[in-house]
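Student: I'd like to learn how to read disulfides and sheets in a model like this. Can you walk me through it?

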Amino acid sequence: MRTHLVRPSAIVGAVVAAVSSAGYSNAQPVLDCAGSAVSYVGNQVQDFVIPEVVGQLQLTVRGADGGDASYTGGGGTTHTRLGGDGATAVIICVIGNGPNQIAPGGTIRFIIGEKGENDHDPFTPLIPGSAWAGGGGGSGVLYLPPGETDWNNAIILAAAGGGGGGVSSSASGSSLGGNARANECGGDNFYENGVGQNPGGFSLGGCGGAGGAGQGSGFPGAGGGALSAAIHCDSGGAGKAGFPNGGAGGAAGNRAEGGWGFGGGGVAGADGGGGGGYSGGGAGTSESAWTGGAGGGSYLNTDYAIFANWSTGNANQENGNGSYFFITSPPNSSHLGAIALVEDVPEDGSLCGVSFTGINFCGQNINADADLWYTFKNEAACPVDLTIAIDSSIDLFAYDSIFVVGGDPEIDLNTCRGQSAAGVWSAPLGPGETVFLRVTGADATEFTLTPTTEFVQGLADCDNDGIPNLCDPSNDCPPSNDTKNNAIVLGDGSSVAYDAVFATRQVAASCDALPNLAVDMWYSFTAPTGGQLIVRNISDFGPGVESNTSLSIFDDQLNELECDFFRNHSERFGDFDSVALWSMRAGETVCVRLGVIPAGGVFSGIVEAEFDETYTNDRCGTASVVAAPAPGETITVPFDLALAQRNESLQASCEPLTTRHDAWWTYQADRNGPVIFGTVEPDWTISLHNACDGAEIACDSTAGDGVVSLQHLMTVGQKVFVRASDRDPDVGTLTVTVPLACPCDWNADGNLNDQDFFDWANDYFSQAGPQGQFDFNNDGFENDQDWFDFTNCFFSPPAGC
């Protein structure tokens, strides 16, 4: 099988480092997380255990070179012919317990090939005046799954063939050794440019893991393959099989020997020895000339590879070599993939091969090689003291979380709570509060985190039912409406006292002054009819501490609808700490959140609710309906923006950026033709939209000419949403006008011009018109009188044109 696998050549490297062998029962060393070169250290295998790592492992092996041959002639000139280069094979495997993955706890075995023996005349006395060198050994890397002890059951991951031995002679010439092959079959003996080929085909390379072929007794030997030795009449000269413990190179008499390896190299003898490899290379042949041995074949296990490649050179490495490094990307290498810790459940981790984010936290640089992220949430309904034990000399940093309503949590880099000391990190954690934990340290580190919690104080019976409640420390009980599910129901005219001293935080609001310190209490309101909900907070401490409160509106899924900081409506409501406004439909229910930052340990006051049934159209979803006027009439709709705010995120294309107040209506046309929307007040903008969250159709503002008059051509049944906005909370009047119909506005576009005449003439002469007829004067006949009446109307337009 002479196939060549080629996959993408770009290999993404990773900064990786060492990991201890703790946790493994065997005596083999563990693969170094920093990656390492693997050199030839004699005729022996080198085994390494795979550590607990998430990611991939890149393995590289290079076959050994063939031996060099040197002959010194009578004039003292030395002629050297180098042995062939070994090949290079690269494979990347996934670390894991799935099919065709290499599992942690398994063993990687490197078999590194030895260079073929050099020769120099007259070292070999068989034929004076000549020198022949041995073939190089192949290199290979194997995998033995965890729990398996018999290396005969190992899996070959990759192999790189060795080079053939060179020849230098005064008798018939000289020959370089053949390079190892970038395919599975060993090289054949060939004759070209001083390197011979056997016309009889006797010294062919092996395929499929077999050894190559050599000549008869006394001649050079072929290279051994992974699964069988080379074919040679003198068995001592053949390279031996390399699987699973490496194979000896060929040796016979005092000839230059082949190198040991994953397929031993062939012995020299009148020609160069063949290189070993996954399949052995053919021996040299002297039928036509003194010839070097052919290179051995290579191998890539495509079942286990997510990337694999091979090449014919090894950069004159002499002996073979190998290398490995980790490419790791665990999901919790950033806070977005943080692993949730469970109370009293140890969580093992390894920094092996994990890159460092390089971010400064807690106001200092962190000198570390790697980091991983974890998170812990207080699921209890009361404050707890969280303690996390660390069984390794690493740093554990903790950070508060900010929950973006409806989105993922984000890290607040300004609220770092500090780092571990003496292998422990601890801090109080409020109900529902989440902290993110960042483990940093040398990338040689394995560790275990164990979280435990204790209630801050003893339990107490807050509700006086005779049973201590789980979250009532020393009678310092949270208010009854501390969570949304226990919200106090408000009605029109409600006034409810509150005390936030022991309140906790369920969610943060967008307008909290200090989101990480604010606690909250909850209320709910159901609209009896359409109108506007007005909620005010009146602090016992007066407006001097108004910056400590906010009021916000949420839906039942805790999606924030509106948030009002204390200053938003101070010009209209006076000395209130915060005011929330929300336009509602009949039967609609909202959640109201009062956010408080306790001042001096105590914060109390009153929450008031009012419902204004006269103000219903503060947002598009509750837009008021405007009736369609008759042709020639104008409908006026007075309105007051005193309680209006811009609830939508919308900014119309033509309105000033300072707009803060708006009102909404819907209009549905009952006829074809133009409709004019306008207002006479200054500083106003009117825009038309095809839906509440749809596209803007048209826009006009008094910022341009002091007048808003927005004409829009509509068809029967068409519906638009009308938005009026202003910089200040003024009173205003919306006008809706349907102009008088013009009978000779034949195309009904609201304008009488030449196009109407052209359209009339076209319909008249083609015997087609609006609704399939052109009886302009409605006398029951379609004749020339219609033409005369139309032209009279066109050139002397009546009212409405």
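Tutor: Start with the cut-off: a disulfide is a pair of cysteine sulfur atoms within 2.5 Å. Keep in mind that this is a predicted model. C185 and C207 qualify, with their sulfur atoms 1.9 Å apart.

Student: How many disulfides does the structure hold?

Tutor: Six. In general, a disulfide is a covalent bond between the sulfur atoms of two cysteines.

Student: Which parts of the chain does the pair C185 and C207 link?

Tutor: Distant ones, 22 residues apart: C185 sits in the loop between strand 13 and strand 14, while C207 is in the loop between strand 15 and strand 16. The torsion about their S-S bond is about 120 degrees, so this disulfide is right-handed.

Student: Is C185 buried or exposed?

Tutor: C185 is buried, at 0% relative accessibility. C207 is partly exposed, at 30%.

Student: What about the link of C511 and C563: left-handed or right-handed?

Tutor: Left-handed, with -70 degrees about the S-S bond. C511 lies in the loop between strand 31 and strand 32, and C563 in strand 35, 52 residues apart. C511 is buried at 15% relative accessible area, and C563 is buried at 11%.

Student: And sheets? What is the strand order in the open sheet of four strands?

Tutor: Strands of a sheet pair through backbone hydrogen bonds, either parallel or antiparallel. Here the order is 20-27-22-25, with antiparallel pairing. Strands 20 and 25 stand at the edges with a single partner strand each, so one side of each is left without a neighbour in the sheet. Strand 22 pairs with strand 25 over six bridges, and A389 stands opposite V424 in strand 25.

Technical notes. Residues numbered from 1 in each chain as written. Predicted model: local features only at pLDDT ≥ 70, side-chain atom pairs only at ≥ 80, totals over all residues. Heavy atoms only, no water. Pairing = 2+ DSSP bridges. Helix = DSSP H or I, 4+ residues; strand = E, 2+ residues; numbered from the N terminus. Buried < 20%, exposed > 50% of the residue type's maximum accessible area, 1.4 Å probe, protein only.
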